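Here are some notes to go with the structure shown below.

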Amino acid sequence: MWPAIDRSAFQGVRLAVPDLAAAVGFARQVLGLGRASSEAADTQDIARFRLGAHWLAFERQSAEILPTLSSNHLATLHWRCSDLRRQRTLLTQLGFDSQDGSELDPVPPVRVVAAETGACALQWDAEAAPIGGDLPSSSGITGVVLHTRAPERVAAHWAQIFQVSVERHATGVPRLVLDRLSVQFVFADERAGGIGRITLALDDAGAVRDRAIASGTTVDGNAIAIAGLTISLANAPASAR
């Protein structure tokens with residue numbers, strides 16, 4: 001039996017992009033997102049946008065890195081954790097090579113790269129107030145689909161990391177539910193690994209779809225395809241708006 005850990009709280013997604021300015025423009029003009037209220041972590045290479053209690057961030061990656069590895073494989077799912085030492089110990093016992101963040105951080109985050117997780121990178125930061133504050137909100141990031149060469153094995157590893165049970169999605173693929181985030185694992189070759197789809201619950205998904213069409217972005221139903229990533233749009237429940 002692995003040592004019990006506090007449940008990780010989902011913070012947001014960081015996506016690698018070759019053109020940060022274009023990604024920022026897409027987030028503002030198409031998705032209609034505003035910059036996160038706390039921009040202390042933002043630099044000239046990272047921009048974060050508030051999405052309910054979560055955030056969506058874009059990170060500039062050099063042109064030398066992206067051609068050798070799918071940019072989606074360089075994505076990171078971020079979590080809050082009240083006991084990073086215990087989280088790090090669990091990862092070590094599971095055989096993961098966790099990495100500490102910068103020594104300049106008062107409490108260095110714990111990070112596991114995509115090569116270790118089999119899908120995308122994971123990072124745990126010290127417990128802190130969520131970006132969206134304490135106000136109830138049903139908008140946010142509600143699901144991700146991870147592309148991996150071994151969906152069943154990778155899902156089982158992630159279940160050990162987060163100490164949850166593997167479920168089965170209606171389509172038959174393995175799935176985990178982590179802090180209300182649906183994480184599905186589907187097969188893809190190695191270069192197509194990482195985050196293949198992300199689902200956003202928005203106050204007005206229809207308006208976002210219309211802006212995407214007007215901007216010339218590829219739209220299929222309620223899904224937007226951009227730079228190898230599919231963004232599914234859903235309306236947030238009206239009761240929590």
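**Notes on the model**

1. There are 0 disulfides in the structure, which is a predicted model. A disulfide would be a covalent bond between the sulfur atoms of two cysteines.

2. Arg-14 belongs to strand 1, which covers residues 9–17. The relative accessible area of Arg-14 is 13%; buried means under 20%, so this arginine is buried.

3. What does the side chain of Arg-14 meet in a polar contact? The partner is the side chain of His-78, at 2.8 Å. Leaving aside residues up to four places away in sequence, Arg-14 touches Trp-55, Ala-57, Glu-59, Ala-75, Thr-76, His-78, Arg-111 and Gln-123.

4. An open sheet is made of 8 strands in the order 10-11-12-9-13-16-15-14, and its pairing is mixed. At the edges are strand 10 (167–168) and strand 14 (218–220), each of which pairs on one side only.

5. Strand 10 pairs with strand 11 (residues 174–178) in the antiparallel sense, over 2 bridges. Opposite Arg-168 stands Pro-174 of strand 11.

6. Helix 5, residues 205–214, packs on this sheet. The strands it touches are strand 13 (194–202), strand 14, strand 15 (223–226) and strand 16 (229–235). Between the direction of helix 5 and that of strand 16 the angle is about 140°.

Technical notes
Residues are numbered from 1 along each chain as its sequence is written. This is a predicted model: local features need pLDDT of at least 70, side-chain atom pairs count only at pLDDT 80 or more; totals for chains, interfaces and linings use all residues. Side-chain values use heavy atoms; hydrogens and water are left out. Two strands pair if DSSP finds at least two bridges between them. Helices (H or I, at least four residues) and strands (E, at least two) are DSSP runs, numbered from the N terminus. Contact means heavy atoms within 4.5 Å. Axes are lines fitted to C-alpha atoms, for helices over the stretch in contact, and angles run from 0 to 180 degrees between N-to-C directions. Buried means under 20% relative accessible area, exposed over 50%, partly exposed in between (1.4 Å probe, protein chains only). A polar contact is a pair of N or O atoms within 3.5 Å; within protein, one must be able to donate a hydrogen and the other to accept it, and residues adjacent in sequence count only if both atoms are side-chain atoms. A disulfide is a pair of cysteine sulfur atoms within 2.5 Å.
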